[in-house]
Amino acid sequence: FLVMMGLLLQKLAEPYVLDDGNPLDGRSEVFMYYGTFARSILTMFEITLGNWMPPCRALVEHVSEWFMLLILTHKLVIGFSVVSVINAVFMQETFKVATSDTRIMLMTRERARKVHLE
């Protein structure tokens, strides 16, 4: 999905970058995030897992405000889903290690036994 979204944003930003009538600083900023397929894919990973505001702001300020809806929808649906799955995997592995570690289990039992004796 990231690849398709990156390709879509690159193709939608391309006319703005190629138009010599647009300001050079705006075209340069949009090109930095969406100028090539590789840059666009990197930007999509950044939007999904990291700081999504600079890439979003580049499109909103220079190309069209409608890109805000596309990027926010992507961030809310895909971004939070991916982060939730990664978080769940880390939590599952942490609990699995914690329950299988015999030393931790023995210390927990000893602590519980001391609490009950007092």
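Helices are DSSP runs of at least four residues, numbered from the N terminus. The model used in these exercises is predicted.

**Exercise 1. Work out how H1 is oriented against H3 and which residues form the contact.**

Solution. Helix H3 spans residues 37-49, and its axis comes within 8 Å of the axis of H1. The two axes cross at roughly 120°. Angles of 65 to 115 degrees count as roughly perpendicular and those over 145 as roughly antiparallel. H1 and H3 are therefore oblique to each other. The crossing of H1 past H3 is right-handed. On the H1 side the contact uses Leu2, Val3, Met5, Gly6, Leu7, Leu9 and Gln10. On the H3 side it uses Phe37, Ser40, Ile41, Met44, Phe45 and Thr48. Sorted by class, the contact has 9 nonpolar, 4 polar and no charged residues.

**Exercise 2. Describe the packing of H4 against H5, then that of H2 against H4.**

Solution. Take H4 (residues 53-62) and H5 (residues 67-100) as the opening pair: their axes are 9 Å apart, at an angle of about 160°. That angle makes H4 roughly antiparallel to H5. Their crossing is right-handed. Pro55, Cys56, Leu59 and Val60 of H4 meet Phe67, Met68 and Ile71 of H5. This contact consists of 7 nonpolar residues, with no polar and no charged ones.

Now turn to H2 (residues 24-34), which packs on H4 at about 140° with the axes 9 Å apart. H2 is thus oblique to H4. The crossing of H2 past H4 is left-handed. From H2 come Gly26, Glu29, Val30, Tyr33 and Tyr34, and from H4 come Pro54, Pro55, Cys56, Ala58, Leu59 and His62. By class there are 8 nonpolar, 2 polar and 1 charged residues.

**Exercise 3. Find how many aromatic pairs the structure holds and classify what you find.**

Solution. The structure holds 1 aromatic pair. The ring centres of Tyr33 and Tyr34 are 6.3 Å apart and the ring planes are at 50°, so the pair is tilted. Tyr33 and Tyr34 are both buried.

**Exercise 4. Decide whether His74 is buried or exposed, and list its contacts beyond its sequence neighbours.**

Solution. His74 is in helix H5. Its relative accessibility is 3%, so His74 counts as buried. Leave aside neighbours within four places in sequence; His74 then contacts Phe1, Leu2, Met5, Met44, Ile47, Thr48 and Gly79.

Note on methods:
Residues are numbered from 1 along each chain as its sequence is written. This is a predicted model: local features need pLDDT of at least 70, side-chain atom pairs count only at pLDDT 80 or more; totals for chains, interfaces and linings use all residues. Side-chain values use heavy atoms; hydrogens and water are left out. Axes are lines fitted to C-alpha atoms, for helices over the stretch in contact, and angles run from 0 to 180 degrees between N-to-C directions. Helices (H or I, at least four residues) and strands (E, at least two) are DSSP runs, numbered from the N terminus. Angles under 35 degrees count as roughly parallel, over 145 as roughly antiparallel, 65 to 115 as roughly perpendicular and the rest as oblique. A crossing is left-handed if the near helix is turned anticlockwise from the far one by less than a right angle, and right-handed if clockwise. Contact means heavy atoms within 4.5 Å. Ala, Val, Leu, Ile, Met, Phe, Trp, Tyr, Cys and Pro count as nonpolar, Asp, Glu, Lys and Arg as charged, and the others, Gly among them, as polar. Rings of Phe, Tyr and Trp (its six-membered ring) pair if their centres lie within 6.5 Å; planes under 30 degrees apart count as stacked, over 60 as edge-to-face and the rest as tilted. Buried means under 20% relative accessible area, exposed over 50%, partly exposed in between (1.4 Å probe, protein chains only).
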